[in-house]
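Here are my notes on the model, point by point. Have it open beside you while you read.

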Amino acid sequence: MLCLPASMRMGMRSIGAHSMSLLDMQGRSGGGSLLQSRWQSSLPQLDRVDRCDEENTGGDIDWDNLGFGLTPTDYMYVMRCPQASGVFARGELSRYGNVELSPSSGVLNYGQGLFEGLKAYRRADGAGYMLFRPEENARRMQAGAERMCMPAPSVEQFVHAVKQTVLANTRWVPPQGKGALYIRPLLIGSGAILGLAPAPEYTFMIYASPVGTYFKEGIMSAIHLLVEEEFHRAMPGGTGGVKTITNYAPVLKAQMDAKSKGFADVLYLDSVHKRYVEEASSCNLFVLKGGTLATPATAGTILPGITRRSIIELARDRGYRVEERLVSIDDLVGADEVFCTGTAVGVTPVSTVTYKGTRYEFRTGEDTLSRKLYDTLTSIQMGLAEDKKGWTVAID
């Protein structure tokens with residue numbers, strides 16, 4: 001448990017339940033601004049948390065067998081924005097817990113919501129924590145918010161909120177090399193709306209959870225993928241290029257079917273020609289042939305991954321020619337090496353891809369490009385190698 005000053009601990013006990021109940025209640029008589037001020041004033045400001053109990057990490061968590069599942073942590077960060085102003089007020093930390101939403105909130109009725117994902121790593125030297133390119137997550141959320149008719153926090157607000165969330169949950173950051181603290185920013189239309197229109201109020205919140213590897217196969221263990229021929233993840237003119245919450249539930253059917261057959265995930269084809277590979281359910285794809293590394297171009301149907309962008313740059317540093325273009329199914333099955341990238345999956349090699357009943361195998365192991373890129377990337381993320389690119393942000 002974090003060591004708070006005695007006065008703050010007393011305040012937390014007296015208002016904890018009250019502050020949670022106010023999170024997303026709607027003003028019943030046009031009292032939205034009053035409710036917002038009550039919400040802000042009822043939460044303690046924890047910008048300077050006393051981390052005297054920092055070494056008491058994560059309770060009874062088995063760090064050696066940490067998967068990718070939700071472990072509730074201590075605090076979450078919340079700030080709100082009325083549509084009329086389009087400006088987010090100063091946020092606050094609150095105890096992690098359930099939130100209340102109006103049944104007619106924009107996010108529940110019309111899916112007006114976005115999310116992001118990034119990680120915090122514990123430094124090996126004990127000198128604090130590391131974030132990886134959080135400003136890129138902020139900019140991607142801003143781009144998504146414009147598409148979804150939502151206001152978004154500034155880059156500075158976003159990064160500050162992420163830092164405060166990490167500092168309030170430091171005991172949940174896994175030991176060096178055992179995983180990371182996964183950070184989930186959410187932007188939702190929390191205001192009540194009946195007709196199809198943007199919500200009158202928005203809530204930005206962040207929660208966190210310690211995580212290990214995304215796929216059950218483990219770190220850098222190769223996975224098996226199935227090319228999906230019936231369902232499509234996105235279509236031209238849609239929202240496939242932004243991280244809206246509405247992009248993810250539709251992939252569950254195909255993903256669950258594939259997992260029931262022993263595959264880790266599915267690869268989606270484009271919805272027009274049905275011959276160009278786009279991405280997996282939650283990660284980008286790379287194919288290597290000779291000295292050329294190709295990845296599907298992000299042209300509106302593919303999410304522009306931050307790990308993807310970083311891998312492109314690291315591969316070019318190694319002398320590889322990197323192409324962002326249409327990648328056909330023929331390019332895929334004829335590749336020497338295939339791997340996936342993403343915040344959750346990191347860099348994950350692909351052992352086989354099955355298409356129309358035929359299984360195609362690819363090179364995996366220690367002497368592969370994916371392994372080299374994984375080592376370089378994670379060394380930068382965890383502060384084990386010099387960050388010559390200015391990608392990391394320290395939290396002391």
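1. Let's start inside: Phe 158 is buried, at a relative accessible area of 1%. Buried here is under 20% relative accessible area, exposed is over 50%, and partly exposed is in between, with a 1.4 Å probe and protein chains only. Phe 204 is buried as well, at 0%.

2. Before going on, a word on what we're looking at. This is a predicted model, so local features need pLDDT of at least 70 and side-chain atom pairs count only at pLDDT 80 or more, while totals for chains, interfaces and linings use all residues. Residues are numbered from 1 along each chain as its sequence is written, and side-chain values use heavy atoms, with hydrogens and water left out.

3. What does a search of the whole structure find in the way of aromatic pairs? The search finds nine of them. One is Phe 158 with Phe 204, a tilted pair at 5.8 Å centre to centre with 45 degrees between the planes. Since Phe 158 lies in helix H5 and Phe 204 in strand S7 (residues 201-211), this pair ties together parts that are 46 residues apart in sequence. For the cut-offs: rings of Phe, Tyr and Trp (its six-membered ring) pair if their centres lie within 6.5 Å, and planes under 30 degrees apart are stacked, over 60 edge-to-face, the rest tilted.

4. Phe 68, Tyr 182, Tyr 214 and Phe 215 make up one aromatic cluster. Arg 275 sits over the face of Tyr 276, 4.9 Å from the ring centre; the test is NZ of Lys or CZ of Arg within 6 Å of the ring centre and within 35 degrees of the ring normal.

5. Now the whole chain. Its secondary structure comes to nine helices and 18 strands, taken as DSSP runs (H or I, at least four residues, for helices; E, at least two, for strands) and numbered from the N terminus. Of the 396 residues, 53% count as buried. Among contacts (heavy atoms within 4.5 Å) between residues at least 6 apart in sequence, 73% join residues at least 24 apart.

6. Phe 132 is worth a look. This residue is in strand S5 (residues 129-132) and counts as buried because its relative accessibility is 8%. Leaving aside neighbours within four places in sequence, its contacts include Lys 119, Ser 310, Leu 377, Gln 381 and Trp 391.

7. Which backbone angle would I check at Cys 149? Its phi is positive, about 60 degrees, although the residue is not a glycine. Cys 149 is in the loop between helix H4 (134-147) and helix H5 (155-168). Lys 356, also not a glycine, has a positive phi of about 50 degrees and is found in the loop between strand S16 (346-355) and strand S17 (358-361). Lys 356 counts as exposed, as its relative accessibility is 57%.

8. Last, the largest pocket. About 690 Å³ of space lies in it, and of its 38 lining residues, Lys 119, Tyr 121, Gly 212, Ile 219 and Tyr 374 lie nearest the centre. Strand S4 (118-122), helix H7 (306-317), S16 and helix H9 (369-381) each supply at least two lining residues, with the largest share, five residues, coming from H9. A pocket, on a 1 Å grid over the protein atoms alone, is an open set of points where a 1.4 Å probe fits, with protein on both sides within 12 Å along at least five of seven lines; lining residues have an atom within 4 Å of a point. Grid points are joined across faces, edges and corners, and the volume is the space filled by probe spheres set on them.
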